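Me: I am new to reading protein structures, and I would like to go through one slowly with you. Could you take me from the inside outwards?

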Amino acid sequence: MIRDCRDNESEIIGQIINDGAQAYKGVIPADCWTEPYMPQAELIEEIAAGVRFLGYEEDGQLVGVMGVQDVQDVALIRHAYVRTSHQNRGIGGRLLAYMSEQTNRPTLIGTWADASWALRFYQNRGFQLVDAKYKDPLLIKYWTVPPLQREVSVVLANERWFASTT
Ligand SMILES: CC(C)(COP(=O)(O)OP(=O)(O)OC[C@H]1O[C@@H](n2cnc3c(N)ncnc32)[C@H](O)[C@@H]1OP(=O)(O)O)[C@@H](O)C(=O)NCCC(=O)NCCS
């Protein structure tokens, strides 16, 4: 079942993010990895800044989350994580499809260039990498990303975004 996460679920959202994010360990540059990957205080700031989380519930437990944030004229997909024990079972795909149905905005996703599985996941579901020359301007316009992280990040966009730029 997919539903909106509740106000009192930030702790479980944080647990899912930090469990799912173990996939990055040893893959993204060491100076970008922190333990926990997302401290609780940072998550609470993100929610206060307008990131709305959808959750995937199985047997009464949240096992996957996907955040969306409307910024200026686009929607950003932020913090998409499925528990390690539940990955590769279609949960992320269902969350992404549900999320896409909920917005008419051009949609962007920023992720680590080295997270090849995440790129494949989005590319197999209607998102494409934006040209390298647009990546930094987009990361500066819509995200707050330190320069070091920008260098090792990529941006993917859906068809609606590409159509809006032509
Ligand atoms: C990326 C992530 C959110 C995707 O969620 P997921 O639930 O694992 O995704 P899905 O199961 O829908 O799809 C993943 C793969 O499993 C395959 N799959 C889907 N349903 C399946 C099933 N029932 N059985 C086996 N494989 C399945 C899909 O074909 C897909 O393969 P593909 O990427 O080659 O297309 C999740 O893997 C994750 O949390 N990864 C670590 C953190 C991360 O990279 N987050 C992205 C940040 S932007």
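Predicted model: local features only at pLDDT ≥ 70, side-chain atom pairs only at ≥ 80, totals over all residues.

**Reading the fold, step by step**

Reply: The largest nonpolar core has 32 residues, and among them Ile13, Ile17, Val65, Met66 and Leu108 touch the most other members. At least two residues of this core come from each of helix H1 (10-20), strand E2 (52-58), strand E3 (61-71), E4, H3, E5, H4 and strand E7 (153-158). E4 supplies the largest share, with seven residues.

Me: Which residues does isoleucine 17 touch, if I leave out those up to four places away in sequence?

Reply: With those sequence neighbours set aside, isoleucine 17 is in contact with Tyr37, Met38, Leu43, Val65, His79 and Tyr81.

Me: Which pairs of strands could I follow bridge by bridge?

Reply: You could start with E2 and E3, which pair in the antiparallel sense over seven bridges, and there tyrosine 56 has glycine 64 in E3 as its bridge partner. E5 and E7 are also antiparallel, with five bridges, and threonine 111 is partnered by valine 154 in E7. Strand E6 (residues 127-129) pairs with E7 in the antiparallel sense over three bridges, where phenylalanine 127 stands opposite asparagine 158 of E7.

Me: Why is E7 described as largely enclosed by the rest of the structure?

Reply: The reasoning rests on a count of neighbours, in which a residue is buried if 20 or more other C-beta atoms lie within 10 Å of its own. Five of the six residues of E7 are buried, so this strand is largely enclosed by the rest of the structure.

Me: What surrounds the ligand?

Reply: There are 20 residues around the ligand, of which Gly20, Gln87, Gly90, Gly92 and Gly93 come nearest. Strand E4 (74-82), helix H3 (91-101), strand E5 (107-112) and helix H4 (116-123) are the elements that give two or more residues to this shell. By type, the shell divides into ten nonpolar, eight polar and two charged residues.

Me: What should I look for in the backbone angles?

Reply: Most residues other than glycine have a negative phi, and most peptide bonds are trans. In this model a cis peptide bond joins glutamate 35 and proline 36, with omega about 0°, and proline 36 lies in the loop between H1 and helix H2 (40-48). Glutamine 72, in the loop between E3 and E4, has a positive phi near 50°. Asparagine 88, in the loop between E4 and H3, has a positive phi of about 65°.

Me: Is glutamine 72 buried or exposed, and is asparagine 88 buried or exposed?

Reply: Glutamine 72 is exposed, having 8 other C-beta atoms within 10 Å, and asparagine 88 also counts as exposed, with 11 C-beta neighbours inside 10 Å.

Technical notes
Residues numbered from 1 in each chain as written. Near = placed C-beta within 6 Å. Helix = DSSP H or I, 4+ residues; strand = E, 2+ residues; numbered from the N terminus. Nonpolar A, V, L, I, M, F, W, Y, C, P; charged D, E, K, R; others polar. Core = buried A, V, L, I, M, F, W, Y, C linked by C-beta atoms within 7 Å. Buried ≥ 20, exposed ≤ 12 C-beta atoms within 10 Å, placed from the backbone. Contact = placed C-beta atoms within 7 Å. Pairing = 2+ DSSP bridges.
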